[in-house]
Amino acid sequence: MKEIIVSGMRPTGRLHIGHYHGVLKNWVRLQDEGECYFFVADWHALTTHYETTQGISMAVWDMLVEWLAVGIDPEKAVLFIQSQVPQHAELSLLLGMLTPLSWLERVPTFKDQQEKLRERDLATFGFLGYPLLMTADILLYAAQQVPVGADQVAHLEISRELARRFNSFYGRDAQTQEVVDKAVKAMGKSAAKTFARLQQRFQQEGDVSAVTEAADFLRQQAGLSPAMQAQLLAHLEGKGREILREPQALLTEASKLPGLDGQKMSKSYGNTIPLREDPAVIQKKIRTMPTDPARVLRTDPGTPEKCPVWGFHQVYSSPETRQWVRQGCTSAGIGCVDCKQPVIDAVLAELAPMRERAEYWAARPEQLREIAHAGAQRARHKAEQTMETVRAAMGLAHARGMG
């Protein structure tokens, strides 16, 4: 069976070629390899833009148009809008009942984003609790793989920890609990308190070293059999019957494509090339890109690594073209305009079919809504299977029988 893969994007404006090379090109490949669920994360957009929501609805449909334009196929992957699958909100709420506040406060992006987005009031529960919604997005579909860059692995870890914590509370039967209680009693009060502190360090503070310390500590307890030691260690790690699957990170190579000014490509920097940009504008943007400041005159030699255009050659040019650029730049054999022309040609060639497909889908809003509706139906069906198990585990199986 194909592995389940889940990923989403916040609708915060038109997509650009950085999104394509960093995320979407990978999705196009993955849809042929796994059972993929790709969603427009409109609820996530509200975590930082709750005061200015006017553009979100339009951005949702623009995003779907551009996903289809780059080659994501609704026959191969489930494409849907997050807010059309209410189970995301339900599981997020239920996970919040058992999530330590300290876990949310130590998520790497929490303070980083508050610092970067000082102009916005992010002292809200929605922003603090976004990892719960992110976790629900993933766990609802029993995702085995979540595509992330190396710098995002830490963000996924809280989803793994929450799945483990949920399973530790609701995945144990009465017989297992009896074994745990008997083993804790056999240790004695003092040792039991030490074990409880180690368990708290791991389950509430996320200190993974506590697992190793606990294993060593349990081996030293003369009153515990090997079976009891194994059961207690599993209890500490939160290993019960797997109700919610722990997702694994599917590492994706970071995009090598810089912005037009050499910084990270970002709409906030104004250094992007949108996927649906007019060809004449693309040519002008690339022709006016800054180059190696050492090349003041046409006869001055340069260093490709100091030039933002070289980053585009790394993505768009063949080894032969890159060699031509390096030789010509370092010897002043070619000018900067000459260097930029192959990039212009390659970017225009790449975007031409995308722009054509985007125009096709943008002119068919009803068909677009049908795709989103069908995707949401498939997503709700999968998500509801998970929620039925979750409700039963939490003693809420009666919830669907009301009325």
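This is a predicted model: local features need pLDDT of at least 70, side-chain atom pairs count only at pLDDT 80 or more; totals for chains, interfaces and linings use all residues.
Close-up 1. Which cysteine sulfur is closest to that of Cys 307? The closest one belongs to Cys 339. The two sulfurs are 5.7 Å apart, too far for a bond. How many disulfides does the structure have? The count is 0.

**Close-up 2. The buried side of helix H4.** Helix H4 spans residues 87–96. Its buried residues are Gln 87, His 88, Leu 91, Ser 92, Leu 94 and Leu 95. Why do they lie on the same side of H4? They do so because they cover an arc of only 165° around the axis. What covers them? The cover includes helix H2 (42–49), strand E3 (77–81) and helix H8 (130–139). Helix H9 (153–170) and helix H18 (365–393) are also part of the cover.

**Close-up 3. A salt bridge between Glu 157 and Arg 164.** Side chains of opposite charge can pair when their charged atoms come close. Here, Glu 157 and Arg 164 form a salt bridge, at 4.0 Å from N to O. Glu 157 is partly exposed, at 27% relative accessibility. Arg 164 is buried, with a relative accessible area of 13%.

Close-up 4. Arg 201 pairs with Glu 213 in a salt bridge. Their closest N and O atoms are 2.9 Å apart. The pair links distant parts of the chain, 12 residues apart. Arg 201 sits in helix H11 (residues 189–203). Glu 213 sits in helix H12 (residues 209–219). Are these residues buried or partly exposed? Glu 213 is partly exposed, at 37% relative accessibility. Arg 201 is partly exposed too, at 22%.

**Close-up 5. A salt bridge between Glu 277 and Lys 285.** The side chains of Glu 277 and Lys 285 come together in a salt bridge, with 2.7 Å from N to O. Glu 277 counts as buried, at 15% relative accessibility. Lys 285 counts as partly exposed, at 25%.

**Close-up 6. A network of salt bridges.** Which residues does this network link? They are Arg 14, Asp 62, Glu 66 and Arg 276. How many salt bridges does the structure hold? It holds 18.

Note on methods: Residues are numbered from 1 along each chain as its sequence is written. Side-chain values use heavy atoms; hydrogens and water are left out. Buried means under 20% relative accessible area, exposed over 50%, partly exposed in between (1.4 Å probe, protein chains only). Helices (H or I, at least four residues) and strands (E, at least two) are DSSP runs, numbered from the N terminus. The arc is that of the directions from the helix axis to the C-beta atoms. Contact means heavy atoms within 4.5 Å. A disulfide is a pair of cysteine sulfur atoms within 2.5 Å.
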